[in-house]
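Q: I am new to this structure and would like a close look at one part of it. Could you start with a sheet and then show me what surrounds it?

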Amino acid sequence: MTYSVQQIAKAVGASAEGDIELMVSGVAEPASAKQGEMALAMDPRYASSLSEGAAEVAMLWEGADWRALGLKAAILPNRPRYALSGVTRMLDKGQGFKPGIHPTAVIDPEAVLGDDVSVGPLAVISAGATIGAGSVIGPLCFVGVDATLGEACFLREHVSIGARVTIGPRFIAQSGVRLGGDGFSFVTAELSTVEKARQTLGDQGDAAPQPWTRIHSLGAVTIGADVEMGMGSTIDNGTIRDTRVGDGTKIDNLVHIGHNAVIGKNCLLCGQAGVGGSTRVGDNVVLGGQVGLADNITIGDRVIAGGGTIVLSNVPEGRTMLGYPATQMSKQTEIYKALRRLPKLLRDVAALQKLVSKADKAD
């Protein structure tokens, strides 16, 4: 795939200057760019390495002096990283899946496939499943009984969609995504040690150890439009109602969403984040890597939780949280600074104790 500088600029809504008919076959970092590739130097910090490569065209920052950098042409977006999303979309070669059913795929006669659906080798589509037009079911994927996928969904290899899961259009699932496993929900005949400890904040009392009894998952999973999930991420079925993920939410690798949880629209859940069962997450929430949300809490709209934050209670909308237990980021930073000063403070206190002790003896 090759595009002219003008075509790329028009596609990403940016201005182009210089020889806008130059053809671009790919993108590269400034120092390693070959002739025919467009260098990505979208910050002045990277411009100095343009001379190390052979690129004649580069995507720069707004107002950059591209002539002084020895280039023949430049694309100058007002928001370079956003423009990068458009460039990568144009140049993405994809995974090579084509419409058609591979002869080794197993498709139940009661399944319904829309137009131009691709089903890869050894994929299984169960009875009553509905696959929207233009969707791709990759190799070794499984789609369960009565599951529904909207139009233009894309399942990479080894994706598993459980029975009765409902997915909106343009869903993207990377390798190893698992939707619709039973929720991790167990109960004991009498009050358990865990319940007792939770009531008393630590004391197990006289609660006796008991076997765990499964609570079956009668709900499923409902996913909105334009949701993406990274490799190895999982979402549990709801107990009675569905576990839900709102439109436009993006989920990174190895993220787990527990049973009955509700995730709002346009959220960003980064790698290894975990959402406890029955927790409700508002719209436009960002959970950094390894963030943990306790079960049965509510996270307001536009909350941001920094990496490694453990949230144990409700968070009002618009808060930025950090730490364990989570506190507002500004307070957590003060606490961290105070902790770093503790060794010196303890030494100072010890020195004062010695002085006081000597003064007492003198008296």
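In what order do the ten strands of the open sheet lie, and is the pairing parallel or antiparallel?

A: Happy to walk you through it. This is a predicted model, in which local features need pLDDT of at least 70 and side-chain atom pairs count only at pLDDT 80 or more, while totals for chains, interfaces and linings use all residues. Residues are numbered from 1 along each chain as its sequence is written, and side-chain values use heavy atoms, leaving out hydrogens and water.

The ten strands follow the order β9-β12-β15-β18-β21-β26-β29-β32-β35-β38, with parallel pairing, in an open sheet. At its edges are β9 (106-107) and β38 (310-311), each of which pairs on one side only. Strands here are DSSP runs of E with at least two residues, helices are runs of H or I with at least four, and both are numbered from the N terminus. Two strands count as paired if DSSP finds at least two bridges between them. For example, β18 (residues 160-161) runs parallel to β21 (residues 178-181), joined by two bridges. S160 has R178 of β21 as its bridge partner.

Now look at S126, in the loop between β12 (124-125) and β13 (130-131). S126 is buried, with a relative accessible area of 12%; buried means under 20%, exposed over 50% and partly exposed in between, using a 1.4 Å probe and protein chains only. Its side chain reaches the backbone oxygen of V143 at 2.8 Å. Not counting residues up to four places away in sequence, S126 touches D108, A111, F142, V143, G144 and V145, where contact means heavy atoms within 4.5 Å.

What about the nonpolar interior? A nonpolar core is a set of buried Ala, Val, Leu, Ile, Met, Phe, Trp, Tyr and Cys residues joined through side-chain atoms within 4.5 Å. The largest has 51 residues, of which I137, L155, F171, L179 and I257 touch the most other members. Leaving aside neighbours within four places in sequence, the contacts of I257 include T234, I235, T243, V245 and L269. Another core, of 18 residues, lies apart from the largest one and has A14, V57, A83 and L84 among its members.

Four bridges join β2 to β7 (residues 73-76) in the antiparallel sense, with S15 opposite L76 and G18 opposite A73. By contrast, β6 and β7 pair in the parallel sense over three bridges. Along β7, A73 and I75 point one way and A74 and L76 the other way, and all are buried.

Finally, the cysteines: the structure holds zero disulfides, a disulfide being a pair of cysteine sulfur atoms within 2.5 Å. The sulfur of C141 is 12 Å from the closest cysteine sulfur, in C153, so it is too far for a bond. C270 is also too far for a bond, because the closest cysteine sulfur, in C267, is 11 Å from its own. C141 is buried, at 1% relative accessible area, whereas C270 is partly exposed, at 23% relative accessibility.

Notes
Polar contact = N/O pair within 3.5 Å; in protein donor to acceptor, adjacent residues only side chain to side chain.
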